[in-house]
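Please look over the sequence and the fold shown here before reading on. The report is meant to be read beside them.

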Amino acid sequence: MSSTPHDPFYSSPFGPFYRRHTPYMVQPEYRIYEMNKRLQSRTEDSDNLWWDAFATEFFEDDATLTLSFCLEDGPKRYTIGRTLIPRYFSTVFEGGVTDLYYILKHSKESYHNSSITVDCDQCAMVTQHGKPMFTKVCTEGRLILEFTFDDLMRIKTWHFTIRQYRELVPRSILAMHAQDPQVLDQLSKNITRMGLTNFTLNYLRLCVILEPMQELMSRHKTYNLSPRDCLKTCLFQKWQRMVAPPEPTRQPTTKRRKRKNSTSSTSNSSAGNNANSTGSKKKTPAANLSLSSQVPVTHQPHMVPFEQRGRSRALGMRPSPPSPCLSSSGLHDAPGYRCDGGRRANSDGR
């Protein structure tokens, strides 16, 4: 009976210590590795459908690809949308490239709520050229990628800033043509510009014109209109947007006006209520005084004690006229009236 060698890291599924591996999210660098393998599986017969499937697998529907580099006439920056990305990768191979892959070294990852950002300051785009001569081009720069934080983990933004490039020619080819100065002169010339072929550069320049025309192309494909009609409808819609601003911009102004009116009305109403309340408070003492409780004022000069005036003002009431008992004439008991310590007496004598 043969026995299998014991592996300390092997756990039988029928054993008591078997555990299923927990699912984990694919690392962003592994997605670049998968993209390199997919590019290597490309054949000469790969058509536009193959490139569309490639872009759908690794790029989001609203993805953007940006290339920044410096040429002889100054710095350049090209940004293309999702519909033009498949054609960009195909132009790389149409320029004589037989192999394309990316190498990321010492990349930094940062996780956000809905995305993962990969910042690699030492990224190399390696292309193998078969024509016009066998050359290996290493384009170095900084690559910043933004992936969606989901199961697909597709690229949302691609920004590659090229710093330098190197074209490597095998020594065997130089040894073969060492005696031919014309071939050596041809080998000494660069076959790329900043690591990009002329096919790719021309396509990027064309994308500057094609990118604004994406709306016309999609309208022509959807409604089957003529180019002139598509242009008219697009211009008319843009004119409508410029003339009639969107409604959501008007809502904040109306709300603010309502708030101002409400605050002013509430302040006015509160002020009016306060005024009415104060007026009512001032009027109530006079209104409560009946004709029977009012004391007739004599034509003779009289004086009101200072203490009585202070007490009546403190109570917020009008001071009553002095009784005849406090008049200067010295009358202490007037007919029909009674002196009650400076207070007002009733007219009936009770």
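## Basis of the report

This is a predicted model, in which local features need pLDDT of at least 70 and side-chain atom pairs count only at pLDDT 80 or more, while totals for chains, interfaces and linings use all residues. Residues are numbered from 1 along each chain as its sequence is written, and side-chain values use heavy atoms, with hydrogens and water left out.

Strands (E, at least two residues) and helices (H or I, at least four) are DSSP runs, numbered from the N terminus, and two strands pair if DSSP finds at least two bridges between them.

S5 runs antiparallel to strand S3 (residues 97–105), to which it is joined by 8 bridges, and Val 97 has His 129 in S5 as its bridge partner. Strand S4 (residues 108–111) is also antiparallel to S5, with 4 bridges; Tyr 111 is paired with Ile 116, and a hairpin of 3 residues links S4 to S5. Between S5 and strand S6 (residues 135–148), again antiparallel, there are 13 bridges, Thr 127 stands opposite Val 137, and the connecting hairpin has 5 residues.

## The nonpolar core

A nonpolar core is a set of buried Ala, Val, Leu, Ile, Met, Phe, Trp, Tyr and Cys residues joined through side-chain atoms within 4.5 Å. The largest one holds 44 residues, of which Phe 69, Tyr 88, Phe 89, Tyr 102 and Trp 158 touch the most other members. Its largest share, 6 residues, comes from S1. In soluble globular proteins, nonpolar side chains tend to be buried together.

## Helices H3 and H6

Helix H3 (residues 85–94) packs against H6 at an angle of about 150°, with the axes 7 Å apart; the axes are lines fitted to C-alpha atoms over the stretch in contact, and angles run from 0 to 180 degrees between N-to-C directions. The two helices are therefore roughly antiparallel, a term used for angles over 145 degrees.

Thr 200, in H6 (residues 198–210), is buried at 1% relative accessibility. The side chains of Thr 200 and Thr 197 make a polar contact of 3.1 Å, that is, a pair of N or O atoms within 3.5 Å, of which, within protein, one must be able to donate a hydrogen and the other to accept it, residues adjacent in sequence counting only if both atoms are side-chain atoms.

## Ser 68 in strand S1

Ser 68 belongs to strand S1 (residues 59–71) and is buried, with a relative accessible area of 11%. Its side chain makes a polar contact of 3.2 Å with the side chain of His 159.

## Two positive phi values

Most residues other than glycine have a negative phi. Met 153, however, has a phi near 50°; it is placed in the loop between S6 and strand S7 (155–168) and is buried at 1%. Met 194 has a positive phi of about 55°, lies in the loop between helix H5 (181–187) and H6, and counts as buried at 14% relative accessibility.

Conventions:
Buried means under 20% relative accessible area, exposed over 50%, partly exposed in between (1.4 Å probe, protein chains only). Angles under 35 degrees count as roughly parallel, over 145 as roughly antiparallel, 65 to 115 as roughly perpendicular and the rest as oblique.
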